[in-house]
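The questions below concern the strand pairing, a pocket and the nonpolar cores of a single model. Each answer ends on the item asked for.

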Amino acid sequence: MQWLPKHFAFANGLINNKKCGLIIIDERQRSWNLVLNSRKTQVYIGDGWRKFIADNCLKEGDRINFEVVTNGETPIWKFHVVTDVETPMRKFQCKFSHLIIFICTSIFVLFMIVMFLLSSFRGYFKAVTDLTLKTSGVITPKSQIAASTSADAKPHFICTIKPYTIINSVLYLPMNYAKSNGLMDKREMILLDEKRRSWSVWLGPMGHHFGIKRGWAQFINANGVQVGDTYKFELSAFLL
């Protein structure tokens, strides 16, 4: 097992939470399911820790940095091994990575401007956070549900964010919804919120599923999406 620093446990509300699941992911998007245990004012990682150590070839003296992705019923953390010595190659890789990020960001901004200008000719979804989710007495959907309140209502579906959407940065669409609205042969789409902010995403098959396979990570980061949040996606305009 591995004890956690008290200040970290207090800051993330882990004290007195007797037992809960924990998902740890690495930079290659591999994941491990572990268990957090609380003993009075101390918290430690129990079940799954030995496998985690073995899979990552960790040894005594290694330093690990944990980053909280989301706190919820089942917390999700990212981790990487911290090295004390920064080699010339590591410095070069760091500078090169920053350059790549800058170039990609510039291209993405330019692309978003073009897509915004063309938005009137493309289909897009209107993504709206269900703010009433946090109030008492609200029934939260347990899975993605296709819905339409009347003949005049715009096609929409409601989904509850699951761990896979955060870990894999994808979103599965209800298959009957995708088929009935002709999305199966579409490749690009724009997510648009009430503030008129937009995110360009790519659609495609994923095994037995169909949904958003690229661009979802940007939407997650911009909106602080967490496991358990409920979103409504409404088809506002569609070009056949």
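Q: In this predicted model, which residue of β6 does Ile25 stand opposite?
A: Strand β2 covers residues 19–25 and strand β6 covers residues 76–82; the two run parallel and are joined by three bridges. Across this pairing, the β6 residue opposite Ile25 is Lys78.

Q: Do β5 and β6 run parallel or antiparallel?
A: β5 spans residues 63–70 and is joined to β6 by seven bridges. In this pair Val68 stands opposite Trp77 of β6. The two strands form a hairpin, with five residues between them. Their direction is antiparallel.

Q: Which strands are the edge strands of the open sheet of six strands?
A: The sheet has mixed pairing, and its strand order is β1-β4-β3-β2-β6-β5. An edge strand here pairs on one side only. That applies to β1, residues 2–3, and to β5.

Q: Which elements give two or more residues to the lining of the second largest pocket?
A: This pocket has a volume of about 300 Å³. Its lining has 15 residues, and those closest to the pocket centre are Val69, Lys78, Ile166, Ile220 and Asn221. The elements giving two or more residues are β5, α4 (163–167) and α6 (216–223).

Q: Which residues have the most contacts inside the largest nonpolar core?
A: This core has 27 residues. Ile212 touches Val170, Leu171, Met189, Leu191, Val201, Trp202, Leu203 and Met206, leaving aside residues up to four places away in sequence. The residues with the most contacts inside the core are Leu191, Ile212, Trp216 and Phe233.

Q: How many residues are in the second, separate core?
A: Among the members of this second core are Leu36, Val43, Leu58 and Phe79. Residues 76–82 form β6, and Phe79 is included in this core. The number of residues in the second core is 18.

Key: Residues numbered from 1 in each chain as written. Predicted model: local features only at pLDDT ≥ 70, side-chain atom pairs only at ≥ 80, totals over all residues. Heavy atoms only, no water. Pairing = 2+ DSSP bridges. Helix = DSSP H or I, 4+ residues; strand = E, 2+ residues; numbered from the N terminus. 1 Å grid on protein atoms, 1.4 Å probe; cavity = no way out; pocket = protein on both sides within 12 Å on 5 of 7 lines; lining within 4 Å. Points joined across faces, edges and corners; volume = space filled by probe spheres on them. Core = buried A, V, L, I, M, F, W, Y, C linked by side-chain atoms within 4.5 Å. Buried < 20%, exposed > 50% of the residue type's maximum accessible area, 1.4 Å probe, protein only. Contact = heavy atoms within 4.5 Å.
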